[in-house]
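Welcome, and please open the model in your viewer. We will go from one selection to the next and look at what is there.

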Amino acid sequence: MDSPKQSGTTGKTRLLLVRDEFLFCNRIYKIFLGVEFKMTIQHIAAKEISNIVKDITVGEIMDKLEIPPDTSFGDLAFPCYILAKQLRQSPALIAQSLEEKLSKSDVFEQVKAVGPYLNLFLKQAPIAKNVLTEIFTMGADYGSSKKGSGESVTIDLSSPNIAKPFSMGHLRSTVIGNSIANIAEKLGYKAIRINHLGDWGTQFGKLMTAYEKWGDEKRVKENPIKELNILYVRFHEEAKVDDSLNDEARSWFKKLEEGHSGATALWKWFRDESLKEFQKIYDLLNVSFDSMQGEAFYNDKMLPIVEELTEKGLLLESEGAMVVDLHEAELPPALIKKKDGASLYVTRDLAAAKFRQNTYDFTQSLYVVGHEQSLHFEQVKKVLHKMGYEWANDMHHIPFGFILQDGKKMSTRKGKTILLEEVLKQMISQAEHNIKEKNPTLANKDKVAELVGVGAVIFNDLKQSRLNSVEFNIENMLRFEGETGPYVQYTYARASTLLMKGGWQKSDDCELHDILKEPYVWELIITLEKFPAVVERAFRDYEPSIVSRYVIELARYFNQYYGKIRVLSGTDAEQQLRLTLVKVVTIVLKDGLRLLGIQAPEQM
RNA sequence: GUCCCAGUAGCUCAGCCGGAUAGAGCAAUAGCCUUCUAAGCUAUCGGUCGGGAGUUCGAAUCUCUCCUGGGACGCCA
């Protein structure tokens with residue numbers, strides 16, 4: 001507990017740089033190399049305090065240190081309550097006496113007792129210098145680490161259903177999964193993006209029935225997803241009054257399973273046309289996949305799974321179906337085979353999980369799928385566990401909330417889905433409209449409008465905790481002010497313009513000198529410094545919103561600085577110093593947005 | 001009925017590995033462009049943190065219980 005080498009949970013290799021023998025200021029520099037701010041400063045502060053207070057360990061002090069709610073309370077604070085019992089003194093008195101003893105310390109600029117708190121102010125200049133140095137040294141890699149050491153992480157994302165429209169719901173899986181993949185890569189993992197397409201199942205029987213009865217080849221070719229969806233919706237409407245349609249659908253799907261040529265050709269056609277449409281959306285979102293193998297790919301891999309389950313004596317007959325009993329895990333039994341012998345969802349995911357482990361040798365396998373499927377993934381994991389696969393523990397379901405309409409989940413069957421493509425179009429044209437109004441001379445208008453419109457859609461989805469259900473509201477989304485993607489992009493564009501106009505040049509000098517005293521500069525430094533910790537936390541929690549909130553915070557501080565201080569003013573030296581600060585902000589803003597899957601235009 | 005998720009300002013959300021006056025954005029009101037992009041900044045207004053009980057020096061945060069909304073719970077995926 002007494003050495004920084006043991007206390008940090010992050011950045012192992014870089015922690016080796018820490019040496020207790022260093023001078024205090026030096027130590028601050030070294031410890032700041034990529035180690036979580038709070039932990040590090042806490043450690044230094046805790047050591048200092050422990051020199052005076054012997055009744056409590058460094059670790060305990062460190063745990064209690066906190067970042068105060070307001071900068072006027074300093075950079076760190078130590079609540080003295082915990083010492084009150086042992087010292088039999090009031091917390092306020094303890095704080096007072098600590099202030100006296102610690103004010104001689106050369107770690108802190110200032111130590112101040114405020115009520116029961118001991119407020120600690122850090123020496124700003126060395127910290128600022130170190131943060132800037134590190135950002136310039138690493139560039140866009142600032143915040144990255146080797147933590148993942150090349151381990152594979154498979155990420156199941158997007159997974160739209162063939163012949164159905166790409167809804168806002170699929171958007172969530174796509175952007176959340178893509179962002180988690182980006183974050184994983186930043187931390188040194190090899191991310192494998194898998195688009196587990198819904199390209200098999202009884203819905204194809206329904207579709208074929210509908211197409212045969214009411215379909216029109218030309219119309220489907222012109223507008224595949226839309227036409228197929230109309231057919232799908234019509235099927236459900238007509239099947240309500242005519243149950244024989246369901247029988248027909250079943251027989252079509254049976255033909256497909258048996259490899260009937262006509263059925264297979266139709267299936268392939270539906271699939272190809274759908275993929276073409278999906279690709280347009282992926283291009284816009286700037287998302288690509290390492291694997292697009294869908295459910296159909298696992299058709300021939302399910303029988304071996306069933307056999308394996310049988311061999312291992314896990315398969316039981318129940319009400320005519322074959323199941324794996326999971327009552328010891330307090331879960332309902334997992335259905336493996338239907339009465340008619342056909343396989344089910346669980347079977348397919350078992351085959352897919354095993355295939356992924358064999359193919360990619362993952363150390364983590366993530367499934368970015370709606371939270372309504374939590375039980376399903378628990379079952380799959382448990383069955384694999386019973387089969388003796390330890391790696392089942394490395395599978396994690398990453399659930400997210402619904403996109404609601406009037407407080408209800410959207411339904412494909414009733415055709416009430418909101419189409420992502422429509423939304424994207426609307427957002428891009430809003431961005432176009434804004435550009436015409438605000439910056440009519442901008443070059444590359446179309447491209448910028450696309451980046452901004454799409455960025456707004458992605459950010460809107462990633463700005464809140466993924467488990468929240470969100471009510472779809474186009475009016476809110478069309479607003480490009482406040483906590484939005486365009487706000488961050490705009491901040492980046494303004495900052496980039498400053499660099500251009502001011503003719504910023506890289507210099508080896510990373511001291512901020514008098515600029516450090518300007519308002520919001522220290523806030524910016526501290527915020528920039530915690531970026532690596534933010535990236536780590538975002539991956540630990542599989543939570544892109546940690547990055548999106550961070551990026552908003554950084555942008556806000558920058559805008560406040562921009563509003564208060566005229567960057568291009570004063571002496572040349574001063575101007576260059578400010579631009580140095582501006583430059584590091586752009587580096588982190590751009591990379592933060594990149595982690596979310598959003599591009600940052602230099603001008604907008 | 002059982003299990004999972006959520007309930008914080010008029011609206012959308014942070015904060016929830018316990019700590020100082022509970023923070024943002026939107027909306028409302030009032031300001032700031034003859035000097036770096038006003039997609040911005042500043043200020044004001046706005047909260048019984050769903051209700052109750054418990055643990056604690058201290059609870060939005062932990063425990064229990066109840067209420068409300070959403071979801072899942074064997075042959076869809």
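**Stop one: a helix with two partners**

Begin with α21 and α24: α21 passes α24 in a left-handed crossing, meaning that the near helix is turned anticlockwise from the far one by less than a right angle (clockwise would be right-handed). Before selecting, note that this is a predicted model, in which local features need pLDDT of at least 70, side-chain atom pairs count only at pLDDT 80 or more, and totals for chains, interfaces and linings use all residues. Residues are numbered from 1 along each chain as its sequence is written, chains are lettered from A and ligands numbered from 1 in the order in which they are written, and side-chain values use heavy atoms, with hydrogens and water left out.

Helices here are DSSP runs (H or I, at least four residues), numbered from the N terminus. Select residues 485-502 for α21 and 545-564 for α24; their axes come within 9 Å and cross at roughly 45 degrees. Axes are lines fitted to C-alpha atoms over the stretch in contact, and angles run from 0 to 180 degrees between N-to-C directions. The two helices are therefore oblique to each other (under 35 degrees counts as roughly parallel, over 145 as roughly antiparallel, 65 to 115 as roughly perpendicular, and the rest as oblique).

Show side chains on both: Tyr-487, Val-488, Thr-491, Arg-494, Ala-495 and Leu-498 of α21 touch α24 residues including Val-551, Phe-558 and Tyr-562, where contact means heavy atoms within 4.5 Å. Ala, Val, Leu, Ile, Met, Phe, Trp, Tyr, Cys and Pro count as nonpolar, Asp, Glu, Lys and Arg as charged, and the others, Gly among them, as polar.

**Stop two: α18 and α19**

Now select residues 420-438, helix α18, together with α19; they pack at about 125 degrees, with axes 8 Å apart. α18 and α19 are therefore oblique to each other, and the crossing is right-handed. Their contact divides into 13 nonpolar, one polar and four charged residues.

**Stop three: the largest cavity**

Which helix gives the most to the lining of the largest cavity? α19 does, with five residues. The lining includes Leu-284, Glu-450, Val-454, Ile-458 and Gln-599, and its residues divide into six nonpolar, four polar and one charged.

Definitions and conventions. 1 Å grid on protein atoms, 1.4 Å probe; cavity = no way out; pocket = protein on both sides within 12 Å on 5 of 7 lines; lining within 4 Å.
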